[in-house]
Amino acid sequence: MKNILSILKARSLVLASSLVLLYSCNKDLPLATPIVTPPPVGSSIMGLLDGPNYTFLKAAVTRAGLSAALTDVNAVFTVFAPTDAAFIASGIPSVAVINSLPVPTLNAIVSYHVIGGQRFEATAISEKYPNMYLQSLLVLSAPSAALPPGYRMPLGISRRGSNAWANNIPVTQANIQAANGVIHNIAALLSPPSLVIAQVVGSDPSFSYLLAAVQRADQGPPPGAPALLPILSNPAANLTVFAPTNDAFNTLFAALGVPQSASSFALLPSATVWGIVAFHVQGVRAFSVNLSNTSRPSIMGVSQQFDVTSGVKVRGPGNIAPTPGGPVNFSANVTLADINTINGVVHRIDAVLLPQ
Amino acid sequence: MFHFRLHLCLYKNYRKLVIMRKLQNLMVTLITICLFQTAYSQSVTITGVVTNTNAKESISSVSVIIKGSDAGTYTDDRGNFSITTSMPLPITLIFSSIGFESKEVVVTNAKASVLIEMKPTSSLGQDVVVSATRTPSRILESPVSIERISSATIRNSSAANYYDIITNLKGVDVVTSSLTFKSPTTRGFGGSGNARFLQIMDGMDNQAPGLNFAVGSVIGLTELDVDNVELLQGASSALYGPGGMNGTMIINSKNPFKYQGLSFQIKTGVMHVDQRNRDISGYHNWSVRWAKKVSDKFAFKIGAELIQAKDWVGDDDRNYRRSGSTGFITDGTRDTDPNYDGLNVYGDESNFGTNLKGVLNQIAAQVPFWADYVATLPANIPVSRTGYREADIVDPNTKVFKFSGALHYKIKPNLEAVIAGHWGTGNSVYTGAQRYSLREFKIGQYKVELNAKNWFLRAFTTQENSGQSHDLTVTTGLFNERWKPGTAWFPQYAFAYMNAKLAGRPDMESHNIARGVADVGRPAPRSEQFRNIFDRVRAIPIPQGGLFLDKSDMYWVEGQFNLSEMMKWKFADVIVGGNYRQFVLNSQGTLFADKIGEPIDINEYGAYIQMARDLIKDRLKLTASGRYDKNQNFDGRFTPRVTLLLKAAENHNIRFSYQTAYRFPTTQQQWIDLFVGTGRLLGENRELWEKYNLISNAPYNPTNLQERIAYTQTRPESVTSFELGYKTLIKSKLLIDVYGYLGQYTDFLSRRDVIQFEGGVPTADPTKRAGYSIVVNIPEKVKTYGWGISLDYNLPRNYKIGVNASSDVLQEVPVSFRSFFNAPKYRSNVSLSNLGFGTKKIVGFTMVWRWQDEMMWESDFGNGLVPAFHTVDASLNFRLPKQKSLVKIGANNLLNQYYRNAIANPSIGGLYYVSFAYNVL
C-alpha cells in the first residue's frame with residue numbers, strides 16, 4: 001500500500017512538473033514599436049481635381065506627368081490651383097490648347113503652382129512685407145553635392161487680412177483640404193518667368209537708359225558697394241526694381257540741363273549714378289498687391305515712399321523739390337506692374353526716383 | 001618638470017611600499033609563530049577508511065575528531081584518514097559528515113585499520129551556518145533569515161554557474177548584466193552595481209574598489225572550490241560593516257585539509273540555439289582544483305577556472321526619451337522617430353544629437369530663399385545620430401579566467417595560518433549609469449589570515465585594474481564624431497532634409513532621406529573600417545575617448561575574538577571585533593578627481609561587539625550586537641542589532657530581530673568627476689564643489705529656476721528593519737521557513753540634476769550653462785515590507801520537492817520619486833529533484849521552475865516595466881561511484897524563452913550543456 005502511494009506521489013510529481021513546463025510560457029520580449037501616423041483621410045489633391053472647376057488643371061497636371069505625385073496621399077503639397085475660369089482669363093481658352101502645349105512647358109507651369117513639404121493653410125501664410133519667399137516645385141538647379149540647397153523657382157505668397165495672393169494673383173477660395181495637402185484656388189495662371197531682371201532690362205529698348213545707368217554705376221560704385229549688374233543677373237537674387245523708362249530719364253536730364261541721351265550718365269560721377277539706380281531697387285520681391293501707403297527701404301539705404309490710394313505711386317525724398325528748368329513729377333506712377341522674373345519683379349515707372 | 005614627475009613616481013611607490021610592508025609584517029608574524037612550535041611527545045597513528053553503508057562507496061571529507069581533544073582530521077578523497085595523537089589508547093573517534101548519522105567508535109588498537117560505515121540520513125535543516133551570528137549554529141536555530149547552499153547542492157544543481165543557484169532561493173533577485181556578470185540582492189534595490197548588498201568571499205569583501213560593484217560572479221571562487229554559500233537576507237551591517245543594507249552573501253572555499261585530491265570539471269554546451277542575436281555558439285567552463293594535505297600541519301590548494309562563451313546580447317531597441325539621468329520608454333523606431341534613442345543602441349543618445357532647427361537657422365542665414373520656409377518649421381526638431389546595436393559593438397567573447405591558491409599551516413591543532421591569493425581576469429558587460437564593456441578587466445585579492453578556535457586575524461588587499469574597459473555609450477558616440485563630426489553630419493542632414501521636403505516628401509520620409517544622405521559612407525557594423533575607428537576611440541581615456549582607467553585598491557585588516565571561554569563570570573557569549581580599511585582611488589583623473597601620482601585615500605574603521613545569552617535556558621536566546629563605524633569624510637555611525645530566538649518546541653523556532661544597517665556613499669558617490677556628454681557626474685565631496693566653483697556660484701534646480709541648490713554634506717544612508725520568522729522541521733521530512741519584515745530607509749542616497757549658469761544668472765544660452773549630476777540624500781523616508789515562505793519536503797524514494805514564494809513591496813512612495821526599488825512584488829520557485837533512483841541509485845535529476853512578477857525597473861540607464869517571466873532549469877545526473885565522478889546533462893532556461901531581468905540588460909536564452917566532473921563525489 002505504502003509503495004503504491006509513493007509511486008502515485010512520484011507520478012503526480014512528474015505530472016505536476018510537466019504542467020509547470022507547459023504553463024511557463026513567457027510573452028515575447030517587448031521591442032521597439034513604430035510610431036504609427038494615421039493614414040491621411042480624404043481624397044488626394046489629384047482626386048479633388050475631378051471637381052467641375054478643375055478640368056483644365058486636371059488636363060494640365062496629367063499631361064505634365066505630375067498626376068502620380070499629386071495622387072500620392074503620403075506626400076505633402078500646397079497647391080495654388082487655377083480654376084477653369086482662371087485658365088480662360090489667362091488666355092487658354094480650352095483643354096485642347098493645353099493638350100497642344102509641349103509637356104516640359106506644361107510641367108514647368110504646373111510645378112510653379114505647387115509648394116512641397118508643407119501645408120500652408122491660409123492662416124499659415126504670413127502677413128509680413130512683402131510676402132513669404134518660398135520655393136515652388138519647379139526645379140531650376142537640382143540639388144547636388146556642389147550646390148546643396150538646389151534652387152527652385154521662387155513663389156511669393158502673401159496675405160493681408162482675409163485676402164491672399166500667390167505672387168500678384170489673388171486667391172479666390174482658400175483651404176480646400178486634401179489628404180496630401182491643401183488647395184487654394186487662384187484667379188489666374190502663374191506663368192513661370194524665364195528671364196532674370198538684367199535680361200528684362202536689357203531686352204526692352206525703353207529701358208536702354210536704365211541699362212546704361214547700371215553700366216555707368218558699375219564703373220565705380222561707392223566704396224564698399226557692390227556692382228549692380230551681377231546682382232540683377234544673379235538668378236538666386238530676389239529684388240524689386242522700379243524701372244524708369246528712357247523718357248523718365250530724359251525728363252530728369254532736361255531738368256539737370258544735360259543732353260537727353262544715355263551718354264549723359266558719363267557726365268555724372270559713377271557713385272552718384274550708382275546711388276540713383278540702387279535707390280530704385282528693393283532687396284525683396286514686392287508685387288504691387290504687397291505694397292501699401294508706407295515707406296520701404298531700398299538697397300542703398302534710403303526708403304521709397306508708396307501711395308496706393310489710386311494706382312501705385314512711388315517717390316523718393318528728392319522728388320519733392322521743384323527743380324529750375326522744369327517741374328519734376330512729384331512722384332512716379334507705376335505704369336506697368338508685376339513683370340515677374342526669376343530673380344525679382346520689375347515695375348515700370350514714369351519718373352526717376354531721387355534719394356535726395 | 002622631470003624632477004617633479006620623478007618625485008611623484010617615488011611618492012607613489014613609497015605608498016605602495018608602506019602598505020606592502022604592513023602586509024609583510026603580518027606574514028613575518030605568522031611565520032614566526034610557525035617556527036616556535038613545540039615538538040610533540042610519543043604518539044600513535046590511527047588510520048582507517050570510511051564508507052557509506054548503502055552503496056559501500058568511500059566518503060570523503062568526513063570529520064574525524066578524537067573525543068575530548070582538539071585533534072581532528074578529515075578523510076581524503078578515497079575515504080582514508082590518518083590521525084596521530086599522544087593520548088593513550090583506548091580513545092574514542094567521532095565521525096561526522098552532513099548527510100550521514102554521526103558515529104562514535106572506540107579504538108583500542110592502533111595497528112589495525114579502522115573500517116567505518118556511516119548511514120545516510122536526511123540533512124534537512126541540519127546545515128550549520130556561521131554568518132548569522134558569526135558563530136556556528138544549526139540553520140534551524142538561526143536568529144535571522146538565512147539561506148545556505150552546500151557544495152552538494154552546487155554539484156548536483158542544473159545551474160550552469162553556481163551563482164545562478166542563488167536565484168532559486170527565496171527572496172533573492174539576480175540582475176544579469178552579462179552571462180558572467182550577475183548581481184544578487186534581497187529585499188529590493190537590485191541593480192548591476194548594487195552598493196547595498198555585500199559579497200564576502202573567504203572573509204574578503206569583494207567589491208571592486210573603484211567601480212563599486214561586487215566582482216564575485218566574474219572573479220570569485222572557482223566552482224569546484226566553493227564549500228558553501230550563505231546568504232543573509234536583509235540588513236546586516238551590525239556584524240559585517242557598512243554596505244550590507246539589504247543583505248550579505250558569504251562564499252566560503254574548501255579547506256585543503258578537508259577537501260583533498262585532484263578534481264576537475266569539464267562543462268561544454270551551446271547557446272543562442274535559435275540564433276536570435278548570434279550564431280549558435282559554444283559554452284565552455286573548465287575548472288580544476290588540486291588540494292594536498294602534505295602533513296597534519298600543512299596543506300595547500302590551487303585552482304583555476306576558465307569560462308568562455310559568446311555573451312548574451314542587450315537587444316532592447318525600444319525608444320528611450322532621456323532627460324538628464326532619467327527618462328521613459330516611448331514609441332518610435334529609427335525609421336519613425338528622427339530622435340530615436342534605442343536602449344541597447346549606442347551613439348544615438350541625445351547628447352550626441354542636436355536640434356535640427358538650429359542648424360537650419362544657420363543655413364537659412366546663408367540661403368535667403370529658404371529662410372521663410374525654415375521659419376515655418378517647428379522651433380524644436382530633435383535629431384539623433386545613427387547608433388549601433390550592442391551586438392555590433394561589444395566584443396562577443398565573454399571570458400573569465402580565475403586562478404587561486406592557498407597555503408594552510410596548522411600551527412596548533414586549533415590555530416591555522418592561511419595565505420591565499422585569488423586572481424582573475426575577464427571580459428564582461430556591466431550596466432551602470434551606462435553600459436560598460438569590461439575588457440581585460442583584472443582583479444586580485446590576496447590575504448593572510450590566522451584562524452583560531454576563538455579568534456581570527458585577517459589582512460587582505462584588493463587590487464583592481466580596469467584594463468581596456470570602456471563606456472559603450474561614450475565610445476560609440478565619439479566613434480560617430482570621429483567618423484564624421486556632427487558639424488559636418490548635421491548640415492548634410494539639414495540640406496538633404498530641406499531638399500526632400502521641398503520635393504513634397506512627408507516629414508518623416510524627409511528625415512529618413514536626410515539620414516541616408518548624411519550616413520553615406522558610414523562604417524558598416526563589424527567592418528574593418530568600423531573596428532579600426534572603434535578600437536582607436538575606446539583606447540583613449542574619457543572624455544576624449546571611451547576608456548576608463550581604474551587601478552584603485554583596497555586594504556583591509558580585521559580581527560575578531562570570542563571572549564566567551566575566557567570570561568570568568570559567564571553572563572553571556574561575547575564576541576568583539578574590529579576592522580580598518582583604506583581605499584586608494586587611482587584613475588589618473590579619468591574617473592575620480594585624483595591626479596596622476598596623487599591617488600585619493602579614503603579611510604574607514606569600525607568595531608563591533610555581540611553578546612548572546614539564553615534568557616530561558618534552551619528556550620529563549622537573546623543576541624545583541626552593536627557596531628560603530630567611522631569614515632574620515634563622514635560622521636561615525638552606530639548600528640545596533642537585537643535578535644531573539646524562541647525555541648517553542650523541539651525543531652520549532654520563532655525568531656525576531658531588530659536590525660539596522662547603513663552605508664557610506666560609495667567611492668564613486670564620494671569622488672567621481674566624470675563628464676558624460678550631457679553633464680558632469682560629481683561626487684559629494686566638498687572639494688569637487690569647490691573645484692567647479694559650485695559653492696560661490698550655486699547651481700539651479702532645472703525645473704524651478706527660482707531655486708538654487710546649496711552644498712550639503714551627505715549623510716550615510718541607513719535602514720532599520722524588523723523581522724519575524726519561524727522555522728520548523730517536521731518529522732525530519734518537511735522543513736518550513738516563514739518570515740515577514742518591515743524596513744525603513746532614511747537619508748536614501750541618490751542623484752539629482754542641477755544647472756550652473758555663467759555669472760550665476762539663468763540664461764537659455766547653452767554656452768553659458770553647465771549641467772551637473774550631484775549626490776543627495778532624499779528627504780523622504782522609504783518604507784518596505786515583505787514576506788517569504790519555503791517548504792522543503794523529502795519524499796519517499798529520494799524525491800525532494802521544494803516550493804518557495806516571497807514578496808517585497810515598497811510603500812508610501814511620493815509621486816515621481818524614483819526609488820530604484822527594482823523588486824517584483826511576487827516571485828516563486830518550485831524545485832523537484834531526485835539524486836538517485838533506480839537500483840543502483842546512480843541516475844538522478846533536478847528541475848527548477850522560477851517565476852517572477854512584472855516590476856517597474858528604475859536605474860540611471862533606463863526606467864521601464866520588466867515583464868513577468870518564467871524559467872525552467874533541469875538536469876539529468878549520472879553518478880559514476882567508482883570514478884567518484886558525475887556526468888550531467890543540463891539546461892538553463894530549458895524552453896529557450898528569452899527574458900530580461902532588468903531594463904537594458906541582455907535577453908537571456910537557453911544554455912544547454914554536458915558536464916563531466918571528476919573526483920567530486
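Q: How do α9(B) and α10(B) lie to each other, then?
A: This is a predicted model, where local features need pLDDT of at least 70 and side-chain atom pairs pLDDT 80 or more, while totals for chains, interfaces and linings use all residues. Residues are numbered from 1 along each chain as its sequence is written, with chains lettered from A and ligands numbered from 1 in the order written. Helix α10 of chain B covers residues 507–518, and it packs with α9(B) at about 140°, the axes being 8 Å apart (axes are lines fitted to C-alpha atoms over the stretch in contact, and angles run from 0 to 180 degrees between N-to-C directions). The two helices are therefore oblique.

Q: Which residues meet there?
A: From α9(B), they include B:Trp489, B:Tyr493 and B:Tyr497; from α10(B), B:Ile513, B:Ala514 and B:Val517 are among them (contact means C-beta atoms, placed from the backbone, within 7 Å). By class, this contact has 9 nonpolar, 3 polar and 3 charged residues (nonpolar is Ala, Val, Leu, Ile, Met, Phe, Trp, Tyr, Cys and Pro; charged is Asp, Glu, Lys and Arg; the others, Gly among them, are polar).

Q: What about chain A, at what angle do α3 and α7 pack?
A: Helix α3 (residues 55–64) of chain A packs against helix α7 (residues 103–111) of chain A at about 120°, with axes 8 Å apart. That makes α3(A) oblique to α7(A). In α3(A), A:Ala60, A:Val61, A:Arg63 and A:Ala64 make the contact, and their partners in α7(A) include A:Leu106 and A:Ile109. The contact has 7 nonpolar, 1 polar and 1 charged residues.

Q: How many residues does each chain put into the contact between them?
A: Chain B gives 45 residues and chain A gives 40 residues. On the chain B side, the elements giving two or more residues include α9 (486–502) and α6 (368–375), along with strands such as β46 (799–811). The largest share, 5 residues, is from α6(B). That side divides into 23 nonpolar, 12 polar and 10 charged residues.

Q: And chain B overall, how many helices and strands?
A: Chain B has 13 helices and 53 strands (DSSP runs numbered from the N terminus: H or I of at least four residues, E of at least two). Its C-alpha atoms fill a box of roughly 110 × 60 × 55 Å along the principal axes.

Q: How much of chain B is buried?
A: Of its 921 residues, 49% are buried (20 or more other C-beta atoms within 10 Å of their own, C-beta atoms being placed from the backbone; exposed is 12 or fewer, partly exposed in between). Of the contacts in chain B between residues at least 6 apart in sequence, 63% join residues at least 24 apart.

How values were computed. Contact = placed C-beta atoms within 7 Å. Parallel < 35°, antiparallel > 145°, perpendicular 65-115°, else oblique.
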